[in-house]
Structures are given as structure tokens and as C-alpha cells.
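Work through the following exercises with the sequence and the model open. Each task is followed by a solution in steps.

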Amino acid sequence: MIRLTRAIPVSSFDVEATVAVGRDRPEFLAVARLAADLARPIGARDVLRELLGPRPAVLGWRVIERCVDLRLLERVGEGGEAALSEIGRLALDHGEVLVPEEGIWRFFVVDDPLVPAVLIDVRRLEAEPVRKEREAAKEARARGERSPQPERSPDLLRRCCGVGPLRSVSHGPLFQLVELGDRGSSGLRGQLRLEFTWDAAPSIRLSGRLPSQDDGESAKPIDAEVDLPEVVGRWSREALWKMLVTHATRVPGAELDRWRAVAGRSVVPAAFHSLPEAARRVFRRNLDVPASDLQELGRFDPTVLKDVDVVPATQVDAQAWLSWLQWEAVNDYALPVDLERKSGELHALFPHHQPRALSASELLARARAERGDRSWFLLAPSDLGLWR
């Protein structure tokens with residue numbers, strides 16, 4: 001699995017605004033469900049017959065009108081009938097109705113190529129603390145003290161008007177920024193951790209905490225998966241893997257493509273002497289990747305590609321590798337027939353090269369030259385005359 005991480009900055013801004021917030025309103029969801037079930041525009045008669053019972057027609061039309069105001073339904077033609085809207089479909093999917101609320105809100109925004117929803121969370125500020133803050137500012141001005149001047153709402157936040165509905169990354173309700181005041185004040189800044197993984201499919205998560213609130217509220221914990229941006233759709237797992245491997249090993253992408261065609265899978269050609277012993281035994285290793293600048297995906301912290309398949313880079317590497325494996329396989333008393341059988345098994349591990357397996361006599365000669373602990377597994381049966 002590919003796992004990439006980085007820290008992303010989070011900023012907050014307090015401003016008067018109208019935000020449509022997801023609320024539990026089953027009476028309006030029932031109307032949206034009626035429009036979905038009938039699969040056509042509905043009118044007062046449908047509402048009365050299916051939901052309210054015998055009532056004046058004007059009541060049915062008022063219900064329709066309220067659902068239009070909430071954008072659950074949208075008008076069709078001149079007769080006043082209305083059909084289910086896209087927001088209505090989302091409301092049914094999530095079980096929430098977006099209800100517009102005016103007030104002073106704190107918006108949390110990020111600007112990162114892998115987070116398509118710039119506005120990641122929103123919190124309504126309590127009226128009393130805001131009132132006290134304004135009174136304090138007014139008193140400061142009366143004393144001739146300079147107070148912070150209201151700031152223009154950031155363009156990044158302005159562009160979020162009408163986008164969505166969005167899902168809060170702090171697992172709050174759906175919300176949508178409907179109208180934004182011209183001026184407000186910047187809040188605290190912080191950062192979250194972005195994790196971009198790609199196994200069978202790509203996935204992006206944000207974790208950490210939102211900037212701590214200056215009113216004493218504990219920071220909101222974040223652990224949420226976010227929608228994939230368009231930029232990820234322009235990549236493939238293989239292209240990302242190749243770029244990371246090339247960055248880690250300096251093996252060109254064209255060479256990795258050639259080896260993929262030869263081996264029928266993604267492999268990394270490696271020099272025998274550059275590999276740790278564990279990797280030589282299993283033809284697999286963990287590959288350390290330095291911090292990477294991956295073009296439009298952005299810059300990521302150092303990471304590790306786990307269990308990368310490796311093959312000998314050259315015929316010389318394959319020969320050294322096979323000879324090493326043959327010697328390492330001498331871990332019990334052996335006769336020539338045993339060594340030949342094991343050599344055949346090890347030679348089959350190199351289907352893309354033609355290394356020559358050491359003969360039993362060559363292994364015995366090495367044992368006599370080295371006289372190490374392993375050597376006695378060959379010297380003892382030879383000295384006993386069992387090799388004839």
C-alpha cells in the first residue's frame with residue numbers, strides 16, 4: 001500500500017453569515033420522500049391525500065411553499081407544483097434538512113490540492129460572548145484606544161458561497177454557506193494531518209484537531225475521510241508508485257516499465273550488495289522514500305513503501321545472489337545430491353536471468369577455504385567418505 005502524509009494549515013474566520021445547517025425535520029423529509037416516491041411534480045392535493053388528510057387546500061400549498069424555501073423542492077411550470085430537487089435528494093440520503101440560520105459563525109478553511117472542500121467546518125458563535133466583545137471594543141474606542149479593524153472576508157471563503165452541501169469533518173451536520181458578510185475577523189490558525197493512501201483504491205483522510213478556540217472550548221478532534229479531488233483521477237497507482245520508487249532509488253521510470261513487462265508485475269531492479277540479508281532471502285524489501293514533491297499532488301513527508309518486490313538488476317547481481325543463497329542454504333549436514341536438489345530450487349527463483357549454480361564440489365572447496373561453522377556441514381560428511 002502507498003501511504004503519504006503531510007501537515008496542512010487550517011485558518012479560521014469569524015463573520016456574520018447565513019448558513020444552512022442540517023437539522024432533524026421529519027415533517028419536511030416526508031414531503032421530499034413523497035416527491036421521490038411519486039417521481040413527478042407534486043401539489044397541494046398530493047400532500048393532503050398522502051400526508052395531512054382532509055384539510056383546506058391552502059395548507060397543502062403552504063407546505064409546498066415551505067419545502068421550496070428550504071430547497072427540498074423546486075417549482076415546475078406555472079401551476080405551483082414542485083419536484084424533488086438535488087438538495088432534496090441529499091436530504092433524503094442523509095436524513096437532514098438544510099435550514100438557513102443567520103448569526104455570527106466561525107468558519108474553518110484549508111487550501112490544499114487534495115482537499116476539494118475548502119470549507120471543512122463551521123460553528124455558530126454564542127450571542128453573549130460576541131455581545132461582550134463588541135461592548136469591550138466600543139469602550140476601548142471611547143477611551144481612545146485603537147481596536148482591531150474588521151477585515152474583509154477572505155476570497156477563499158467567499159468562493160464557498162453556494163457550494164455544497166458539505167459535510168463537517170468533525171462529524172457534525174451537513175451545512176452550506178448561503179450568504180457571507182463583507183467583514184469579520186481572523187481567528188486562530190493550526191494544522192491537520194493529511195493522509196493519502198492508495199491500495200486497491202485511493203483514499204484521503206484528515207486527522208488531528210481544529211485550532212483551539214479562544215473562548216475556552218476544547219479543540220474539536222478530527223478523523224474524517226474526504227472526497228477525492230479531480231487531480232487524483234488524473235493519476236494511477238502505478239504512476240504514483242513509479243515516481244516514488246524513482247525518487248528513492250534513481251531507477252528511471254522507463255526501466256521500471258521494462259521490468260514490469262518482463263516480470264508481469266511491478267518490481268524494482270536492485271544491486272545484490274545494496275540489499276539487506278532479509279531482502280535477499282525473500283526477494284522483497286521495505287523501500288525508504290525521502291520527502292517527495294509529487295507535482296500537482298503537492299509535497300509529502302518521507303515515507304516507506306512496504307514489501308516491494310525486487311529482482312537482480314544485472315546478470316552479475318543474479319550470479320552473486322544465487323551463490324549467496326546456495327551458501328546460506330547450507331544449514332545441516334548435506335551430501336552432493338542434497339545440494340544439487342536445493343540448487344535447482346534456488347535457481348528457479350531467477351526466471352529472468354541465467355545465473356550458474358555452484359556445483360557441490362565448488363561448495364566443498366569454499367567450505368575448506370573458510371573453515372567456518374557452516375563449513376562443517378559439508379566437511380564432516382566429506383571426511384567420512386560419504387561424498388563418493
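## Exercise 1: the second largest pocket

β10 gives three residues to the lining of the second largest pocket, the largest share. Strands here, like helices, are DSSP runs numbered from the N terminus (helices: H or I, at least four residues; strands: E, at least two). The model is a predicted one, in which local features need pLDDT of at least 70 and side-chain atom pairs count only at pLDDT 80 or more, while totals for chains, interfaces and linings use all residues. Residues are numbered from 1 along each chain as its sequence is written, and side-chain values use heavy atoms, with hydrogens and water left out.

Step 1. On a 1 Å grid over the protein atoms alone, a pocket is an open set of points with protein on both sides within 12 Å along at least five of seven lines, where a 1.4 Å probe fits; lining residues have an atom within 4 Å of a point.

Step 2. List the lining. It has 22 residues, and those closest to the pocket centre are Ala-117, Leu-166, Arg-167, Val-226 and Asp-227. Two or more lining residues come from each of β5 (119-124), β7 (166-167) and β10 (221-226).

Step 3. The lining divides into 15 nonpolar, three polar and four charged residues. In this count Ala, Val, Leu, Ile, Met, Phe, Trp, Tyr, Cys and Pro are nonpolar, Asp, Glu, Lys and Arg are charged, and the others, Gly among them, are polar.

## Exercise 2: salt bridges

Step 1. A salt bridge is a side-chain nitrogen of Lys or Arg within 4 Å of a carboxyl oxygen of Asp or Glu. The whole structure has 30 of them.

Step 2. Arg-260 belongs to helix α9 (residues 253-263) and Glu-238 to helix α8 (residues 237-249), 22 residues apart. Arg-260 is partly exposed at 36% relative accessible area (buried is under 20%, exposed over 50%, partly exposed in between; 1.4 Å probe, protein chains only). Glu-238 is also partly exposed, at 21%.

Step 3. Glu-345 is partly exposed at 45%, and Lys-342 is partly exposed at 35%.

Step 4. Elsewhere, Arg-40, Asp-46, Arg-49 and Glu-50 are linked in a network of salt bridges.

## Exercise 3: a nonpolar surface patch

Task: which residues make the nonpolar surface patch, and which helices supply them?

Step 1. Apply the patch rule. Patch residues have over 30% relative accessible area and no salt bridge; nonpolar side chains (Val, Leu, Ile, Met, Phe, Trp, Tyr) are joined within 5 Å, and like charges within 9 Å.

Step 2. Name the members. Leu-51, Leu-52, Val-58 and Leu-59 make a patch of about 280 Å², with areas from the Shrake-Rupley method and a 1.4 Å probe, only the protein chains shown counting as cover for residues.

Step 3. Assign the helices. α2 (44-52) and α3 (57-69) each supply at least two residues of the patch. Leu-51 is in α2 and is partly exposed, at 37%.

## Exercise 4: positive phi

Task: where do Arg-71 and Asp-307 lie, and what are their phi angles?

Step 1. Arg-71, not a glycine, has a positive phi of about 65°. Arg-71 is in the loop between α3 and β2 (73-75) and is partly exposed, at 29%.

Step 2. Asp-307 has a phi near 55°, also positive in a residue other than glycine. Asp-307 is in strand β15 (residues 303-312) and counts as exposed, at 54%.
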